[in-house]
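The sequence and structure come first.

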Amino acid sequence: MEQFTTAIRRIVRSGFHNFWRNGFVSLASILVMVITLSVLAATLFGGEILSSALTEFRSKVDVTVYFQTDADEADILAVKEKLEQLPETEAVIYTTREQRLADFEDRYRNDQTKLAALEELDENPLGASLNIVAKDPSQYEGITAFLEGETGALSNRQSSIIASTNDQQKQLVIGKLTNILNTAEQLGILIMAALIILSIIITFNTIRLAIYISREEIAVMRLVGASKTYIRGPFVVSGMLYGVISAIITLALYFPLTYWLADFTEGFFLGFNIFGYYLSNFGYVFLWVVISGILLGGVSSYLAVKRYLRV
Amino acid sequence: MIKFDNVSKHYPDSSVALEDVSFSVEPEEFVSVVGHSGAGKTTLLKMLLAEEKPSKGKVFVSDTDVHSLRPDDMNTMRRNIGVVFQDFRLLPHKNIYENIAFAMEAAGRPDEDIDADVPYSLELVGLERKMWSFPHELSGGEKQRAAIARAIVNQPDIVIADEPTGNLDPENTYEIVQILKKINELGTLVFLTTHNTGVIDALGNRVITMKGGRVVKDDREGKYDV
């Protein structure tokens, strides 16, 4: 056990020495790794922006069913109950005739013409409504099909209580936006995956080049009887050190960057503040970037040394 | 101690590095291998360190076939052979103390032994004052002395020196030969390859002469005669 801890201590010390004494090579490796980790962090932020924008968008898309003014509340609530039981439905909000009138008056309180026209009528011209939010925009088709009575929710008797739905107008927009979002999501994943793979390859090659410089050294170590683990250890420690330092630099760079982009993302991506997200999820982002850095540096070094150990 | 038994080494391009080489070396002997470039001297040493495998035949160190060793046993065997190269091959980013300590660390020796033995080996080669220098701060002769200190620090039974004076001036050559003689007098088998006529003639020890991959002469008290 003591021999093991001594070996670990020597490997770690040697790794730190290599890192410090190969200053220029270490600096070059760190710079390349900062780029890789920045891409990885961008993936994390990009994914979060997209997912937040999608959620926000989905919550804004809905279908509203307007009932006849003489529709019985019990019938409306029966339709509401059936809609709530659909697997596609996220929420169904019932608005009474009185509430709709109050909302109308509130919305047009500065439009005297509309309010005067309303007063001309003897009774409330607005029927009750059901506002339906689906779990996913693509599921509105199922809900509208249901409303059209295909699944029997609205029997002949019930269909007479519906004045109109806005699904016809929204159907096209919903369909198009869903397609755009899905394509953007898939394209985003593809671009990010390509960038990640590319930057990992570049990092791996940079570290391989750094270790290539030491190939003669590795051969000598083998010839004086050092085990493969003992030779590889310090290189892996140096690689992990590259990862930690690159991660810290990347995290530091993301502070001004996200601060600068905050207003833009808030306006463009439906209220997503990237700087706020970074601050409130710093622990998660820190772990993601640091662990990626350590793994990237450690594994690249491990693989790169392997090639020169065949002496 | 060392035995080459009908060893041949043929490369895929049909070139022959060694052809039916057989000889043995006893413990505490000082043997020099001479020959022109391409005679097979370095291949011989590579076989001994299991850097290369023979196409035919076997190489024994202490009655063990070095090419049948498992990786762990190979490391142990290599720690028992000190190696000195023509181009020194010191680790450039370690100082002289660390270079020599590395050989001991690789053998798993405790810190106390390292603290005691590294200065002692450097004293033996007259380099104790350069302990904290880096290789690039030393002259060629000093580098070679440091390499010898590294080779002997684990008190090996065998020291292999591959053209150790090839890059040195006559004065440093003389010093290196004296150090190798001293190591041999302390009971270590020294296996030297060289081009240097003066070195061989001054040593007056056993000389194996190689030509075209074959042993053409093996004299107990030889002279340089290629």
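Which residue is the bridge partner of A:Val65 in strand 3 of chain A? The bridge partner of A:Val65 is A:Leu130.

## Basis of the model

This is a predicted model, in which local features need pLDDT of at least 70, side-chain atom pairs count only at pLDDT 80 or more, and totals for chains, interfaces and linings use all residues. Residues are numbered from 1 along each chain as its sequence is written, and chains are lettered from A and ligands numbered from 1 in the order in which they are written.

## Chain A overall

Chain A has 12 helices and 4 strands (DSSP runs numbered from the N terminus: helices are H or I with at least four residues, strands are E with at least two). The C-alpha trace of chain A spans about 105 × 45 × 35 Å along its principal axes. Its radius of gyration is 31 Å, whereas a compact globule of 311 residues would have one near 19 Å (taken over C-alpha atoms; the globule rule is 2.2 Å times the number of residues to the power 0.38).

## Strands of chain A

Strand 3 (residues 129-134) of chain A pairs with strand 1 (residues 63-67) of chain A in the antiparallel sense, over 4 bridges (two strands pair if DSSP finds at least two bridges between them). Strand 3 of chain A also pairs with strand 2 (residues 89-95) of chain A, again antiparallel, over 6 bridges. In that strand 3, A:Ser129 is the bridge partner of A:Thr95.

## Helix packing in chain A

The axes of helix 10 (residues 228-268) and helix 12 (residues 282-306) of chain A come within 7 Å and cross at roughly 150° (axes are lines fitted to C-alpha atoms, for helices over the stretch in contact, and angles run from 0 to 180 degrees between N-to-C directions). Helix 10 and helix 12 of chain A are therefore roughly antiparallel to each other (angles under 35 degrees count as roughly parallel, over 145 as roughly antiparallel, 65 to 115 as roughly perpendicular and the rest as oblique). By class, their contact has 15 nonpolar, 10 polar and 1 charged residues (Ala, Val, Leu, Ile, Met, Phe, Trp, Tyr, Cys and Pro count as nonpolar, Asp, Glu, Lys and Arg as charged, and the others, Gly among them, as polar).

Helix 1 (residues 2-21) of chain A also meets helix 10 of chain A: their axes come within 8 Å and cross at roughly 55°. The two helices are therefore oblique to each other. Residues of helix 1 in this contact include A:Ala7, A:Ile11 and A:Phe19, and those of helix 10 include A:Tyr230, A:Pro234 and A:Leu241 (residues are in contact if their C-beta atoms, placed from the backbone, lie within 7 Å). The contact of helix 1 with helix 10 divides into 8 nonpolar, 5 polar and no charged residues.

## Sheet of chain B

In chain B, 4 strands form an open antiparallel sheet in the order 2-1-4-5. Strand 2 (16-25) and strand 5 (64-65) of chain B are the edge strands, each pairing on one side only. Strand 1 (residues 2-10) and strand 4 (residues 56-61) of chain B are joined by 5 bridges, and B:Asp5 has B:Lys58 in strand 4 as its bridge partner. Helix 1 (residues 41-48) of chain B lies across strand 1, strand 2 and strand 4 of chain B, at about 65° to strand 2.

## Contact between the chains

Between the chains, 17 residues of chain B are in contact with 16 residues of chain A. On the chain B side, helix 2 (71-79) and helix 3 (96-106) each supply at least two residues. That side has 7 nonpolar, 4 polar and 6 charged residues.

Technical notes
Contact = placed C-beta atoms within 7 Å.
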